[in-house]
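Please look through the model below with attention to its metal site, its helix packing and its backbone geometry. The report that follows takes these topics in turn.

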Amino acid sequence: MKDHAVISGVGFTSATSPRRQPLSKDELCRQAADLALEHAGVKRSDIDTVIIGDIAGFEASSVSALTIAPFLGLPEYTNIIPISTGGTSGGHLANQAAALVRAGYAERVLCIAPNTFDGPVDLQAVINTNSPMIMEQPLGMGAVHMGAFFPGAYQQRYGVTDDQLMAVGAKNRRHADHNPFAHITSSLADEHAQRMVSTPLRLGMVCPVSSGAIALVVTAESLAVEESPNPLVRITGASSISDGYLGGKRRDFSKFEVVEHLARKVYREAGIIDARRDLDVLELFVPYAPMEYLLQEAFLICGWGEAPGLLEEGATSHGGDIPTNLSGGPLCANPGVAGQMAPIAHVALQLMGQSPTQQAEGAKRGLAHSTGGTFFQFHTATIMERVSA
Amino acid sequence: MPHYSSPSVQDELYIAGSSWLKLEDDSGLQLDEAVFEACSAALRNAGIKRHQVALSITSSLDLYDARSISNALTAPAAAGYLNDELRVEGDGAAAFLVAAAGLASGQADIAIVVASSAPEVGYTSEAAVRGLQEHVSSYTFDAHTSRPVGLTANTVLGLHAANRLDVGRVSWAKMVESTAADINRGAASGRAQRAATTIDAVASAPVAMAPLNELMLPASSAGIGAIVIAAGVAGRRCPDPLARVTGWGSAVSPSPGRTSWLTNPAGAAGKAARDAYRRSGRRAEEIGYAEMTDLTPAMTDELAEALQIRHLAASERNRTGGVRSNHPGIANGLLRIIEGAELARERTAGHNALVHAADNLMGLTSSTSSVLILESL
Amino acid sequence: MTATDTTTEAALVHDVHWKIDYRVKLGRAWSRFMRGLQKQELWGTRCESCQRSYVPAQDYCEACYEKITNWVQLEPTGTLRAATIVYQGFEGGPEAPYVVGAVEIDGTHSLLMHFIGGVDLSDSDAARAVLRDGLRVRAVWSDERTAAITDIKHFAVEQA
Ligand SMILES: [Zn+2]
């Protein structure tokens with residue numbers, strides 16, 4: 001049965017730091033799954049496929065989907081699809097679930113986004129193994145340093161100040177004050193926030209390392225109509241993109257050029273003509289604060305170099321016309337694959353009118369994004385639309 | 001459980017082209033270069049240009065590739081540059097089904113699937129590749145309960161074979177005989193990892209995981225496969241598609257903690273096959289050839305039973321020797337599909353072939369079985 | 001959907017280690033590229049079909065998907081397009097502070113990522129003012145060269 005795919009249930013465990021997390025990854029995933037199933041109004045035995053994301057090297061097990069799945073209590077022979085694309089694993093989970101449902105290959109898919117960062121003893125050293133081993137790793141390029149390239153070029157091209165970059169962090173932490181699943185809020189000390197990490201990134205512009213899991217249930221719409229107690233949120237656009245491998249392939253670091261490609265593709269699929277008008281809420285994967293500006297511009301919300309102005313006029317805060325990262329985004333909680341799927345989970349709840357964060361009143365259509373790989377080679381986009389009255 | 005409707009015209013999927021690159025010690029290729037070789041050969045075979053491809057699906061493992069997020073290196077080489085891309089951390093046949101779903105969902109008209117088993121250990125001999133596969137397999141088992149007690153994929157295969165010998169469901173002599181026959185059938189084909197052998201040589205091969213000896217284990221090899229899949233008219237307009245995919249199914253076998261992986265290890269294959277038959281509208285008796293992944297000769301009969309292909313003569317099963325001739329790790333599923341599709345291209349229109357793949361990441365436990373039914377054109 | 005809060009007695013922690021030794025092949029293009037560096041030569045490739053150029057060299061074109069056989073030797077000079085001064089490095093990495101830059105090698109479409117050396121980093125604002133898009137730089141070769149990307153020690157500001 002081919003059908004539209006809807007997000008029918010969302011489950012978040014609370015987020016904390018890996019050090020304070022008393023639960024194992026298996027337990028957290030099961031807890032998130034239980035919450036999502038309950039929210040969707042379905043039983044474990046209704047699930048025909050589970051999609052689980054991981055990032056190899058961060059886990060205690062290779063293909064960790066295979067060790068997590070047995071803890072979910074699903075029926076024997078349930079399909080397990082392990083997805084591993086680095087920082088976009090989480091975004092791919094829901095997109096792939098939608099593809100399976102639309103194809104008639106599955107009817108109720110459970111997406112599990114585990115906490116990824118609990119295991120490694122030296123997390124930053126592990127993250128740094130993600131940079132191209134032979135060409136770029138020997139040059140002292142870790143994740144945060146890759147994140148620093150873009151804002152430096154952006155500042156120079158458009159005359160953006162350090163304070164304007166920091167303003168994104170401050171706005172998102174203010175949003176996070178209202179998110180019970182956030183781990184960092186506006187209580188972050190200013191002298192801490194100002195410490196320079198890699199120019200122009202300061203500590204207050206860099207995501208924390210968090211622990212927590214998230215699950216989604218993606219269901220064929222005709223079934224969800226019958227069984228889900230929630231307004232139906234249809235996935236109307238689901239796409240991904242890869243740039244070249246080495247950082248030098250990015251060409252113009254003042255823009256996320258590859259996201260512009262993705263935006264055109266996913267907007268075409270979802271029938272979006274004017275992004276700022278047609279979208280009501282954005283959750284963008286922003287592990288480094290300035291990326292929010294570059295992403296808003298590449299997603300065609302405004303012109304090049306205009307995003308700082310949107311923040312200053314309040315358009316991207318709660319109550320503005322294009323609220324962005326009402327959850328606080330990864331700057332306030334980044335539990336790895338769970339952090340990558342969090343944008344989809346938060347947009348879905350906004351469109352259901354059930355946001356645990358500040359609700360964007362009347363939000364009907366939203367965009368969620370994830371990114372990863374070296375120098376943000378990979379991105380995913382998911383457009384969701386409320387189809388219930 | 002899902003209820004399936006009959007296949008619609010929109011679900012017409014074609015295997016438009018394929019290629020297999022056997023990796024030797026002196027290939028001299030970096031991983032992405034090898035992926036490019038395989039993918040460009042598959043596109044040429046399909047008569048399709050890269051710009052027609054809108055979806056690129058990879059099956060690979062970072063721990064084979066010695067790189068974190070190894071698909072970052074290979075995606076642009078797999079026609080993924082500025083395209084929709086995804087890496088499935090599992091068998092190539094599972095990746096094939098993800099690509100097929102992408103087409104059936106309307107996401108794309110043409111997809112490429114690449115499965116890579118190119119272990120970065122410097123050598124491609126059976127011993128070198130198996131060494132890494134077993135090492136990584138150990139890391140795939142749970143770190144707290146299974147790994148410390150020595151479980152690997154091949155120890156699980158040994159546990160199963162021991163049980164089947166103990167209960168008299170298989171005989172040692174038959175296992176030796178079928179292993180020799182498999183290896184010799186494959187040795188005549190171009191992709192073999194093992195040279196021709198004799199029954200005596202098989203009987204006296206070094207024991208690996210008692211009761212299984214080295215030659216009864218899958219013939220670990222290195223290779224990269226690529227398949228171009230096209231939907232509807234995009235497939236029919238290809239110059240010489242290999243086969244039409246009429247049915248598919250997949251299911252995962254029980255985890256190590258359950259008893260059913262040992263009592264009924266072919267259960268997942270059986271479920272996948274039933275789904276594939278139902279979707280294709282074909283009956284088991286209509287299947288004329290099968291390409292299957294019987295990981296040891298102790299599995300062969302119960303797997304054939306589960307796939308409902310016992311009626312097939314030995315010559316109509318695994319004509320190139322199956323996994324005892326060549327088992328390229330997680331790329332095995334794609335190799336089995338390529339073998340099945342190449343056969344389908346040779347047979348007359350309407351002939352049906354069944355392809356079964358199962359990964360050997362954790363032996364017979366937590367293993368994804370995928371079944372396809374291919375129709376000759 | 002509700003938040004959950006679980007408090008238990010201290011959970012057990014096991015140490016888990018992975019150790020695998022690999023021998024990674026650099027293949028056709030990067031082997032030739034690295035051997036060039038060892039001889040103090042910078043080589044790239046240019047796609048005959050679409051004219052895109054690649055530094056480090058690549059022997060296939062990911063954009064137009066043709067094989068590339070056209071190797072070109074390049075002057076190791078270029079223009080800095082983006083840079084970051086790393087004040088907090090990482091375990092096993094170079095000693096901070098250091099500068100990583102994206103250099104557009106003259107006559108190519110590629111940016112080569114490398115260290116930028118010879119800039120005083122004691123005052124970060126002053127250093128940032130120097131390390132701007134448009135800065136001309138030239139490769140400085142390492143004395144000990146091992147066919148690795150670090151055979152170029154860094155790119156230094158070119159004296160006018
Ligand atoms: Zn080209």
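## Zinc site in chain C

Donors are taken here as N, O and S atoms within 2.8 Å of the metal, a cut-off of 3.2 Å being kept for Na, K and Ca, and since water is not among the atoms, sites may look incomplete. In this predicted model, the zinc ion has as its protein donors the SG atoms of Cys47(C), Cys50(C), Cys61(C) and Cys64(C), which lie 2.2 to 2.3 Å from the ion. The angles subtended by the four donor atoms around the zinc ion run from 101 to 119 degrees, which makes the arrangement tetrahedral. For comparison, the ideal angle for four tetrahedral donors is 109.5 degrees.

Along the chain, the donors of the zinc ion are spaced as C-x2-C-x10-C-x2-C. Cys47(C) sits in the loop between strand S1 (42–46) and strand S2 (53–54) of chain C, whereas Cys64(C) belongs to the loop between S2 and strand S3 (71–74) of chain C, so this pair ties together parts that are 17 residues apart in sequence. The loop between S1 and S2 of chain C also holds Gln51(C), a residue that is not a glycine and yet has a positive phi of about 70 degrees.

Helix H3 (residues 89–103) of chain A packs against helix H4 (residues 92–104) of chain B at an angle of about 65 degrees, their axes being 8 Å apart, and the crossing is left-handed. On the side of H3(A) the contact is made by Gln96(A), Ala99(A), Leu100(A), Arg102(A) and Ala103(A), and on the side of H4(B) by Val98(B), Ala101(B) and Ala104(B). These contact residues divide into six nonpolar, one polar and one charged.

## Helix packing within chain B

In chain B, the axes of helix H11 (residues 267–280) and helix H12 (residues 300–307) come within 8 Å and cross at roughly 30 degrees. Because angles under 35 degrees count as roughly parallel, H11(B) is roughly parallel to H12(B). The crossing of the two helices is right-handed.

H11(B) contributes Ala269(B), Gly270(B), Ala273(B) and Tyr277(B) to the contact, and H12(B) contributes Leu303(B), Ala306(B) and Leu307(B). Six of the residues in this contact are nonpolar and one is polar, with no charged residue.

## Cis peptide bonds

Most peptide bonds are trans. In chain A, however, the bond from Thr199(A) to Pro200(A) is cis, with omega near -5 degrees, and Pro200(A) lies in the loop between strand S5 (196–198) and strand S6 (201–202) of that chain.

In chain C, a cis peptide bond joins Ala96(C) and Pro97(C), with omega about 0 degrees, and Pro97(C) is placed in the loop between strand S4 (77–86) and strand S5 (98–105) of chain C.

Technical notes:
Residues are numbered from 1 along each chain as its sequence is written. Chains are lettered from A and ligands numbered from 1 in the order in which they are written. This is a predicted model: local features need pLDDT of at least 70, side-chain atom pairs count only at pLDDT 80 or more; totals for chains, interfaces and linings use all residues. Side-chain values use heavy atoms; hydrogens and water are left out. Axes are lines fitted to C-alpha atoms, for helices over the stretch in contact, and angles run from 0 to 180 degrees between N-to-C directions. Helices (H or I, at least four residues) and strands (E, at least two) are DSSP runs, numbered from the N terminus. Angles under 35 degrees count as roughly parallel, over 145 as roughly antiparallel, 65 to 115 as roughly perpendicular and the rest as oblique. A crossing is left-handed if the near helix is turned anticlockwise from the far one by less than a right angle, and right-handed if clockwise. Contact means heavy atoms within 4.5 Å. Ala, Val, Leu, Ile, Met, Phe, Trp, Tyr, Cys and Pro count as nonpolar, Asp, Glu, Lys and Arg as charged, and the others, Gly among them, as polar. Four donors count as tetrahedral if all angles lie between 85 and 135 degrees; four count as square planar and six as octahedral if opposite donors are over 155 degrees apart and all others between 65 and 115; anything else is irregular.
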